[in-house]
Every structure is written in C-alpha cells, then in structure tokens.
Amino acid sequence: MATIVQSEPTTGRVERRKRRRWPLVTLAVVTVATLVYMLSAYVPPVMSSSRIPVQGTGHFVLLVAHIFTATVATLTGLVQFWPTLRARYPKAHRWTGRAYFFLGVFPSSVLAIPVMVLAPYGAANQAAVSVLDVLWIITAVAGYRAARARRFADHRRWMIRNYALTLSSLASRFFMPIMALIIIPQAAGPVYQDSEVVIGHDIASGSAWLGLVVTMVIAEGYLQRRQVAKSRP
C-alpha cells in the first residue's frame, strides 16, 4: 500500500508538468517556424530580397541589424521561460537573461527607431512601432531592475509582459492576411481608390496594431488568471 500511496502523487505531478509544458512547446514550435520564414529573406543579407522596402544601403544595414538582434531576443527569451533551465541551471538562466537584454532587446529597440522612420508605411505604422518600442524598453528595464533587487515574482511578471511585446512583431505577420482580406475588397471604393500605397500602409499598420494589442491582452489575461489561481484557498 505504501508504494501505491507514494506513486499516485508522483504520477499526478508528472501529468501536471506535462499539461503546463504543452503550451510552451507549441509556442516554441510556432515561434521558431515563423522566425525561420522571416529570416529566410535575410540569410544571406541581400537587399533585393528584403521584405521591407529600404531606402538605400544604410537603411538595409540597420534593418538587418534590427532583425538579428530581435532574433536573439526572441530565442533567448523563449529559453528563459523553460522551467528546467530556471530550476536546474540558474547560472545559465542568468547569463541567457543578460544576453536577452543586452544583445537582444536593448540594441534592437534602439535600431528600430531609424528603421521605423525610414520605412515607407506612414504615420499609423510609425505610431504602432513607437508605442511597441517604448513599452518594450520600459518593461525590460522594470524586469531587469526587479531581478537585480531579487524580486523574482515581479521579475517574472514583467518578463511575461516584455516577451509578449517581443513576440508582437511575429504575431503581426499572422494578422497581415486578415487585414488583406478586410481591405482588398474595399480597394476600388472611395477610401482606397485602387491606391496600392494606401492599401499597403493600412495592411501594415493594422497588422502592427493588432499584433501589439492582442499579445498584450493575452499576457495580461494570463497574469490575471495566475493571480486568481494563487489567491484560491
């Protein structure tokens, strides 16, 4: 009987761990697959294959640097959320976190400014990228300061918000076909008058805003759900 009593809670813990991990595994697979697709146009970096229209060599160099530092943030951030790394290899977790901040988020957020200004997508897109950039920096600084102060619960909450912002650029790609389906049927109407420039601006801007808002709503919803679960007796 003793063996049975001990094995049941162990089995329960294993099942709970599996249930908690499958969303992270799904996120990892989708994130890496999307990254591979996005990077395929920039490996090797050839200006003619850029998916974003660039204003000369300087703009293209800044764009590629932004993309690759954002890739560092995306991959190191994904690793940061893996429970085994945090629990068994805390030193690796800390160094991966430093890479996330100092080789990923901070340089990528700075590079995003000139890339955004030079990109030919209009003020609405620039506003979305600017809001994303400011929130990305604020949440990164808050998360980093919380970790330095050993306020690890706060650190985890800020990093969930920050990584949601990291993923918002990838998420916007999934909204582009949705925006296209909404806008293209209106192309000949009085709003767009068959202007490819205006249509392109609205698809890019709408996708950017949706990627930002949806990922932040999901992150905050997840945090609220965790808070409610912890408060239950």
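Twenty of the residues are nonpolar: the lining of the largest pocket divides into 20 nonpolar, 4 polar and 7 charged. Here Ala, Val, Leu, Ile, Met, Phe, Trp, Tyr, Cys and Pro count as nonpolar, Asp, Glu, Lys and Arg as charged, and the others, Gly among them, as polar.

A word on the source. This is a predicted model, where local features need pLDDT of at least 70 and side-chain atom pairs pLDDT 80 or more, while totals for chains, interfaces and linings use all residues. Residues are numbered from 1 along each chain as its sequence is written, and side-chain values use heavy atoms, without hydrogens and water.

A pocket is an open set of points on a 1 Å grid over the protein atoms alone, where a 1.4 Å probe fits, with protein on both sides within 12 Å along at least five of seven lines; lining residues have an atom within 4 Å of a point. Points are joined across faces, edges and corners, and the volume is the space filled by probe spheres set on them.

The largest pocket holds about 1200 Å³. Among its 31 lining residues, Pro23, Leu24, Leu27, Phe81 and Tyr222 lie nearest the centre. Which helix gives the most to this lining? That is α1, with 11 residues. Helices are DSSP runs (H or I, at least four residues), numbered from the N terminus.

Now the second largest pocket, at about 950 Å³. It has 35 lining residues, and Met38, Ile52, Ser169, Ser172 and Arg173 are the closest to its centre. The largest share of that lining, 8 residues, comes from α6. By type, the lining has 23 nonpolar, 9 polar and 3 charged residues.

Technical notes. Helix = DSSP H or I, 4+ residues; strand = E, 2+ residues; numbered from the N terminus.
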